[in-house]
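Here are a few friendly notes to read with the model open beside you. Take the points one by one, and look up each residue as you go.

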Amino acid sequence: MIGGGIQWWSRSLWVKSRAWIRNPMNMALSVWILAVGVSGAILFMVMTGMLNRVLPSKPRRDTWFEVNNQILNALFTLMCLYQHPRRFYHLALVCRWKAGDMHQLRQAYCKDGACKPNERKHMTAVILLLHLNCFAQYALCGLNLGYRRPRRPVVGVALTVAVAICAPAVAGMYNNLSPLGRDYEAPAPAEGMIISEEESQLQRKTPDTERRYSLVPRQGQGEEPQWVGGLWEDLWDDMSLAYLSLFCSCCVFGWNASRLGLGNMYVHVATFVLLCLAPFFILDLAAINVDDEAVRDALGLAGIFLCVFGLLYGGFWRIQMRRRFGLPENRACCGKPDLTDCLLWLCCYPCSLAQEVRTADAYEVVVVLDTPMHRHPTLQEELATMQEPPDEEEGGGVIPPSTVSATRS
């Protein structure tokens with residue numbers, strides 16, 4: 001729960017941070033992120049004219065742009081060179097598809113490392129998209145190194161940048177929306193069948209029951225799930241939540257979606273960032289190579305404007321949250337609840353995100369076990385059965401997440 005204040009400088013947080021940074025790979029990743037942040041910030045200020053007073057002449061601005069462009073190009077190419085062998089290895093595992101290969105791939109691409117329906121097909125799609133990301137980055141690197149800036153093809157640069165950014169974003173969305181990002185309950189072995197732990201984890205057949213979630217009210221809440229608090233009037237009641245929703249919205253969004261069972265936190269964060277930054281880099285990098293000043297300015301402004309539409313990713317998952325947990329619809333915009341949810345994120349994303357976090361705080365997310373032999377119970381039936389001891393012979397029931405152990409196949 002975010003509410004109630006955050007101890008930013010607590011001893012446990014400091015200990016965890018020190019333990020994390022002592023890992024050599026994490027140290028290298030921190031340096032890489034810092035370098036990308038500094039070069040990206042300088043590139044952004046040059047492209048938007050924020051450094052025109054410091055760099056009054058166009059040749060000097062062009063030089064600074066090209067230097068930072070090449071630095072970013074080198075940093076992202078190095079990351080692709082580091083990740084690409086692993087992606088080739090995963091592609092080989094998908095083609096071979098043995099028991100040990102399944103286990104490794106499930107740990108990398110499946111939520112909770114569990115078996116999923118048609119997982120081989122979905123893993124192949126994600127891996128191919130990640131390969132496309134690497135190859136597009138190599139093509140962009142070739143254009144940046146092989147051509148001087150005046151002769152660099154604008155269409156080629158825009159196309160490679162678009163593919164390099166959109167491919168991992170699509171892979172992240174596909175991973176969350178496909179069965180790879182959902183929860184399933186693996187069927188129990190037949191009576192009398194003895195299965196070793198290794199066979200149970202590596203050779204279990206595809207599950208046919210999807211794990212479902214529901215909201216159970218905490219003390220003081222009504223039976224029917226409701227949005228907690230208003231959009232605007234209650235935003236600043238919790239200052240920590242308000243500031244985190246405003247300045248760290250991608251991270252808070254990914255964390256909240258993960259605890260609601262809507263996908264992997266890190267995939268959500270990376271996809272959200274890519275969708276918000278992709279239009280800026282694609283159009284503004286193309287604008288730099290255009291000689292017509294009016295066209296260049298138009299492309300630059302369009303890139304900044306279109307970044308706002310990356311917030312539709314949050315609106316899409318607000319729709320999924322409302323549908324999954326039966327939250328009330330808002331038909332303020334043309335009587336369309338889906339359109340209203342998207343506009344809420346576009347117009348005031350901190351307000352919408354804070355309301356989603358408050359709602360998740362006010363209710364307990366429980367796992368509903370639903371088998372093909374039993375229908376999915378309603379919320380009222382779930383609340384009634386929670387007061388009774390579970391029947392061991394029945395296949396359905398409501399079990400808090402803390403008591404459910406995810407089956408790793």
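**Notes on cavities, rings and cysteines**

1. Searching the whole structure turns up 2 cavities of 30 Å³ or more. Keep in mind as you read that this is a predicted model. The largest cavity holds about 40 Å³ of space.

2. Phe 253, Asn 256, Ala 257, Leu 260, Leu 262, Trp 317, Arg 318, Met 321 and Glu 356 line the largest cavity. Two or more lining residues come from each of the helices α9 (249-259) and α12 (312-325). Sorted by class, the lining has 6 nonpolar, 1 polar and 2 charged residues.

3. Besides lining the largest cavity, Arg 318 places its charged end over the ring of Trp 227, 4.2 Å from the ring's centre.

4. Next come the aromatic rings. The model has 11 aromatic pairs. One of them is Trp 32 with Phe 76, an edge-to-face pair with 5.5 Å between the centres and 85° between the planes. Trp 32 belongs to helix α2 (residues 24-47) and Phe 76 to helix α3 (residues 58-96), so this pair links distant parts of the chain, 44 residues apart. Is Phe 76 buried or partly exposed? Its relative accessibility is 34%, so Phe 76 counts as partly exposed.

5. Compare that with another pair. The ring centres of Phe 272 and Trp 345 lie 6.0 Å apart with the planes at 55°, so this pair is tilted. Because Phe 272 sits in helix α10 (residues 265-288) and Trp 345 in helix α13 (residues 337-347), the pair ties together parts that are 73 residues apart in sequence. Both Phe 272 and Trp 345 are buried. They also belong to a cluster linked by ring pairs, together with Phe 253, Tyr 313, Phe 316 and Trp 317.

6. Finally, the cysteines. A disulfide is a covalent bond between the sulfur atoms of two cysteines. How many disulfides does a search of the whole structure find? There is 1 disulfide, joining Cys 348 to Cys 351 with an S to S distance of 2.1 Å. The torsion about this S-S bond is about 40°, so the disulfide is right-handed. Cys 348 and Cys 351 are both buried.

7. Some cysteines have no such partner. Cys 115 is in no disulfide, and the nearest cysteine sulfur, in Cys 110, is 7.5 Å away. With 3% relative accessibility, Cys 115 counts as buried. For Cys 307, the closest cysteine sulfur is that of Cys 276, at 7.3 Å, which is too far for a bond.

Definitions and conventions. Residues numbered from 1 in each chain as written. Predicted model: local features only at pLDDT ≥ 70, side-chain atom pairs only at ≥ 80, totals over all residues. Heavy atoms only, no water. Phe/Tyr/Trp six-rings, centres within 6.5 Å; stacked < 30°, edge-to-face > 60°. Helix = DSSP H or I, 4+ residues; strand = E, 2+ residues; numbered from the N terminus. Buried < 20%, exposed > 50% of the residue type's maximum accessible area, 1.4 Å probe, protein only. Lys NZ or Arg CZ within 6 Å of the ring centre and 35° of its normal. 1 Å grid on protein atoms, 1.4 Å probe; cavity = no way out; pocket = protein on both sides within 12 Å on 5 of 7 lines; lining within 4 Å. Points joined across faces, edges and corners; volume = space filled by probe spheres on them. Nonpolar A, V, L, I, M, F, W, Y, C, P; charged D, E, K, R; others polar. Disulfide = S-S within 2.5 Å.
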